[in-house]
Amino acid sequence: MYSIVMPIVKNFSFTLNTDVDTFCTWFEDRQSLWVRDAAMGVTGGLVEFQQAERAQLKLRTQYSFGAVIEMTEEDNEWVKAEKRWFSLDWVKNTNVRKGSYRANVITIMVMPATHAGKVDIRALCNDNDAVDGFSRVLAKITEAYPEARSQLHKGQD
């Protein structure tokens with residue numbers, strides 16, 4: 001079996017005025033609400049985000065979102081696709097649609113900062129079809145932690 005290396009599409013780093021445990025508790029409590037909202041992929045297909053999976057890597061906590069990406073006429077590269085029922089409430093036409101599961105389309109890494117009472121966040125979008133959902137996750141973080149807004153406006157890493 002081989003592994004596909006996904007290029008980083010967007011990459012942001014910022015520091016929040018909280019600690020790792022508080023941020024992780026907040027993130028885990030809220031992220032299930034964010035994945036209910038559907039997003040659109042770059043080819044106009046639906047993107048259904050899955051619950052983030054948590055992994056502990058030494059001092060770093062990592063959250064990885066997978067997604068089912070609807071295949072459209074423009075998706076010639078996806079030869080093998082499973083039929084997937086999209087359960088999104090806002091979709092009027094709930095016919096069976098072709099979709100492909102992609103792992104780790106969004107990654108949020110949480111690390112203790114060098115100063116007490118602060119946490120470093122690194123947010124990665126690893127798939128063009130996940131950009132809309134990635135923007136929503138960052139928007140939710142900045143709603144709860146306004147200090148991230150100015151750091152995000154400075155641009156990508």
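**Notebook: salt bridges, sheet and rings**

I began with D129 and R102, whose side chains meet in a salt bridge with N and O 2.9 Å apart. For a salt bridge I ask for a side-chain nitrogen of Lys or Arg within 4 Å of a carboxyl oxygen of Asp or Glu. This pair links distant parts of the chain: D129 sits in the loop between β8 (119-125) and α2 (131-144), R102 in strand β7 (residues 97-112), and 27 residues separate them. My element names follow DSSP runs, with helices as H or I of at least four residues and strands as E of at least two, numbered from the N terminus.

A note on the source before going on. I am reading a predicted model, in which local features need pLDDT of at least 70 and side-chain atom pairs count only at pLDDT 80 or more, while totals for chains, interfaces and linings use all residues. Residues are numbered from 1 along each chain as its sequence is written, and side-chain values use heavy atoms, with hydrogens and water left out.

**Entry: are D129 and R102 buried or exposed?**

I looked up both accessibilities. D129 counts as buried because its relative accessibility is 6%. R102 is also buried, at 10%. My cut-offs are under 20% relative accessible area for buried, over 50% for exposed, and partly exposed in between (1.4 Å probe, protein chains only).

**Entry: how many salt bridges does the structure hold?**

I count 4 salt bridges. As a reminder to myself, side chains of opposite charge can pair when their charged atoms come close.

One of the 4 is E28 with R54, and their closest N and O atoms are 2.4 Å apart. E28 belongs to helix α1 (residues 20-34) and R54 to strand β4 (residues 53-57), so I noted a link between distant parts of the chain, 26 residues apart. E28 is partly exposed at 33% relative accessibility, and R54 is partly exposed at 46%.

I also looked at D132 and R136, which meet in a salt bridge at 3.4 Å, N to O. Because they are 4 residues apart in helix α2, about one helical turn separates them. D132 is partly exposed at 29%, as is R136 at 33%.

**Entry: helix α1**

At the start of α1, a side-chain oxygen of D19 comes to within 3.1 Å of the backbone nitrogen of D21. The length of α1 agrees with expectation, because 15 residues at 1.5 Å a residue should span 21 Å and the end C-alpha atoms are 20 Å apart. The expected span is 1.5 Å times one less than the number of residues.

Where does α1 bend? I find a bend of about 30° at E28, taken as the angle between axes fitted to the seven residues ending there and the seven starting there. I listed the buried residues of α1 as V20, F23, C24, W26, F27, Q31 and W34.

**Entry: rings**

Rings of Phe, Tyr and Trp (its six-membered ring) pair if their centres lie within 6.5 Å; planes under 30 degrees apart are stacked, over 60 edge-to-face, and the rest tilted. F27 and Y63 make a tilted pair, 4.7 Å centre to centre with 40° between the planes. Because F27 lies in helix α1 and Y63 in strand β5, the pair ties together parts that are 36 residues apart in sequence. F27 is buried at 0% relative accessibility, and Y63 is buried at 1%. Ring pairs join F23, W26, F27, Y63, F65 and Y145 into a cluster.

**Entry: which strands pair with β3?**

Strand β2 (residues 39-40) runs antiparallel to β3 and is joined to β3 by 2 bridges. β3 also pairs with strand β5 (residues 60-70), again antiparallel, over 3 bridges. I call two strands paired if DSSP finds at least two bridges between them. V47 of β3 is the bridge partner of A39, and I69 in β5 is the bridge partner of V47.

In strand β3 (residues 46-49), L46 and E48 point one way, V47 and F49 the other, and all are buried. The hairpin of β2 and β3 has 5 residues between the strands, and G44 there takes a positive phi near 90°.

**Entry: K10**

Last, I checked K10, which is in strand β1 (residues 10-16). K10 is partly exposed, with a relative accessible area of 28%. K10 and A123 are 113 residues apart in sequence and 8.0 Å apart in space, C-alpha to C-alpha.

Key: Polar contact = N/O pair within 3.5 Å; in protein donor to acceptor, adjacent residues only side chain to side chain.
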